Amino acid sequence: MTNIRKNIIDEAMAQPSWGQNFPKCFIPLEIELIKLTEKNVPIIAMVQMKKINSGHPIKPLTDFELKVFLKFQHAIGKLLYFDVPNLDQHIILSPTHLINAFKSIVTDKRFCVGDKKRKELWDVMSEKGVISKQAIDELWRQHKYHKFQKDKEHLLAVMNYLDILVEPKRYDSHHNRILPDFYYVASMVRTTDTTGYLQSKSFMQRNIGIAFQSTSLIIPPALSFRLISYCMSIWSIKTYGEHDVNMLFHRCAVFVIDTSLDLYISCEDDQIIIRLVHFRNRSFIMKDLASSISECLASALYKISQLYIKTSSDCCDNTTKSFKMKLCCSAPEDPCFLCIDELSSLGGPWLCPNHGIEHGMYTLTSWITTQETEKCQLNCPVLNDEFLSEVPSALHLRRLSLLLNVDEVRVLVIHLRLSYTVWSDLYTLEHEPELLKFEALRCCFENSAMTFDDIRKAVEAGEIQNPHTICKVMKGDSFDFGKYLYWCMRKDGYG
């Protein structure tokens, strides 16, 4: 007991709040909250809290001071208060109340013995990772869990905020939000991926990958679940195969970025592998999108990891203390890795040692933000034979049309063997320059399997800007994931 007491004291003295001055005006309010806790009052509304504060016999706290008090009590673990919209109107006086509500939903199978309803919920969650809102309502109506019913909305909102439960984002054809009738519970999924997604046709030619390798011995499973839950708050879970299987598995998931691109995440004991998978060819993955996603996930991972991985107080705001990012080869199993620092010394394609797969510089640098130039570099797609052999989509033609003026498009399509008669007809019919440029390019490819190489040759023959213009087509627009980080990561768990 002497040793235990000493260790407790040492641990207490090591806490950030040790030695800080504690305002005397906080003490009466703290005593009032202790009395409420002793009366088994787990949650109170902010209105009630303000009423208690205003009844202070000496000097009530101002609204600002009251928030400081609540945030301090939250920081030292005495209560739970989240100063964010929709959650700041309630205070959880007993953190164990939230934990017990959480445990009533997310639990181990052995605790469901004798409870048929919970056993059925556990089976569904372990297989599909979902629980319906109706099922939670029915569960909490039971006598054993009825204490959660009174503050159900707030408890569920907090669990959603902490990514214990994730409400999927779904929209109709008019981009209006569809309120789902279920939650995802990433931490409960026990099934593994047996869909054959990683073994699908030409997978190695369709993906690019990076890995976040832990600098500690092991990645806590809770960190993996929160990263996957974070992604679910931004992107939709992909359905795959003949039976439209939801691609959410144990520490693994596949998300839909757009109709042509997936995001694959696999969390292992010592590393997290991220892949972008294009439905045709990895050469079509836009660099700005890939680099934005890598920055977004790196920031999220760093924020989440601070809950589980102890870092020094002077740590800079990046993942290098707890994770090291490496490039990953396109092999779906047992991939090879390349340090980003080694890229500059390559001077050409990288041949991964275990699989002998060649990765061009354009593919390798897709994850890395680079400065825009007016001339082709080693990592440009125009120097990539794999890219040049592909047929551009309508989206690529649209981007190209925006980079050229009407005269440049006219010269280009003539070199792409579009008859002058067709161009003249389009010019007469289309009064909108932007539409004219796109339609002219589309006509060139409508009845012919022309490739990016054909465009490159036409650009060179017509002396239109320079071939690097095609590279800009694949660069795409800048993606501002900062807005996502602002709204989705303003959580205590994320900093």
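In which helix is the place of Ile4? In this predicted model, Ile4 belongs to helix H1, which covers residues 2–13. With a relative accessibility of 47%, Ile4 counts as partly exposed, because that value falls between the 20% and 50% cut-offs. Together with Met1 and Ile8, Ile4 makes a nonpolar surface patch of about 350 Å².

From this starting point, the overall picture can be sketched. The protein has 495 residues, of which 47% count as buried, and its secondary structure comes to 20 helices and 18 strands. Among contacts between residues at least 6 apart in sequence, 64% join residues at least 24 apart.

The largest nonpolar core holds 54 residues, and Met232, Trp235, Phe255, Leu263, Ile272, Ile274 and Leu276 touch the most other members. Helix H11 (residues 287–305) gives this core its largest share, namely 9 residues. Another core lies apart from it and counts 32 residues, including Leu87, Ile105, Val158 and Met159. Returning to Ile274, and not counting residues up to four places away in sequence, this residue touches Ile208, Gly209, Ile210, Phe212, Leu263, Tyr264, Ile265, Leu297 and Trp367.

Gln271 lies in strand S14, which spans residues 271–278. At 9% relative accessibility Gln271 is classed as buried, because the value is under 20%. The side chain of Gln271 is joined to that of Gln213 by a polar contact of 3.1 Å. Beyond the neighbours within four places in sequence, the contacts of Gln271 are Phe212, Gln213, Ile219, Ser266 and Phe337.

Leu426, in helix H16 (residues 420–429), is likewise buried, at a relative accessible area of 12%. Setting aside neighbours within four places in sequence, Leu426 is in contact with Leu436, Glu439, Ala440 and Cys443. Leu426 and Cys443 are 17 residues apart along the chain, and their C-alpha atoms are separated by 9.9 Å.

Charged pairs complete the account. Side chains of opposite charge can pair when their charged atoms come close, and the structure holds 16 salt bridges. One of them links Glu32 with Lys35, the closest N and O atoms being 3.8 Å apart. Both residues lie in helix H2 (residues 26–38), 3 residues apart, or about one turn of the helix. Glu32 is partly exposed at 33% relative accessibility, and Lys35 is partly exposed at 41%.

A salt bridge also joins Asp453 and Arg456, with 2.7 Å between the closest N and O atoms. These two residues are separated by about one helical turn because they are 3 residues apart in helix H18 (residues 452–461). Both Asp453 and Arg456 are buried. Elsewhere, salt bridges that share partners join Asp137, Arg141, Lys152 and Glu153 into one network. Asp137 is buried, with 16% relative accessibility, whereas Arg141 is exposed, with a relative accessible area of 53%.

Definitions and conventions
Residues are numbered from 1 along each chain as its sequence is written. This is a predicted model: local features need pLDDT of at least 70, side-chain atom pairs count only at pLDDT 80 or more; totals for chains, interfaces and linings use all residues. Side-chain values use heavy atoms; hydrogens and water are left out. Helices (H or I, at least four residues) and strands (E, at least two) are DSSP runs, numbered from the N terminus. Buried means under 20% relative accessible area, exposed over 50%, partly exposed in between (1.4 Å probe, protein chains only). Contact means heavy atoms within 4.5 Å. A nonpolar core is a set of buried Ala, Val, Leu, Ile, Met, Phe, Trp, Tyr and Cys residues joined through side-chain atoms within 4.5 Å. Patches are made of residues with over 30% relative accessible area and no salt bridge: like charges are joined within 9 Å, nonpolar side chains (Val, Leu, Ile, Met, Phe, Trp, Tyr) within 5 Å. Accessible areas come from the Shrake-Rupley method with a 1.4 Å probe; for residues, only the protein chains shown count as cover. A salt bridge is a side-chain nitrogen of Lys or Arg within 4 Å of a carboxyl oxygen of Asp or Glu. A polar contact is a pair of N or O atoms within 3.5 Å; within protein, one must be able to donate a hydrogen and the other to accept it, and residues adjacent in sequence count only if both atoms are side-chain atoms.
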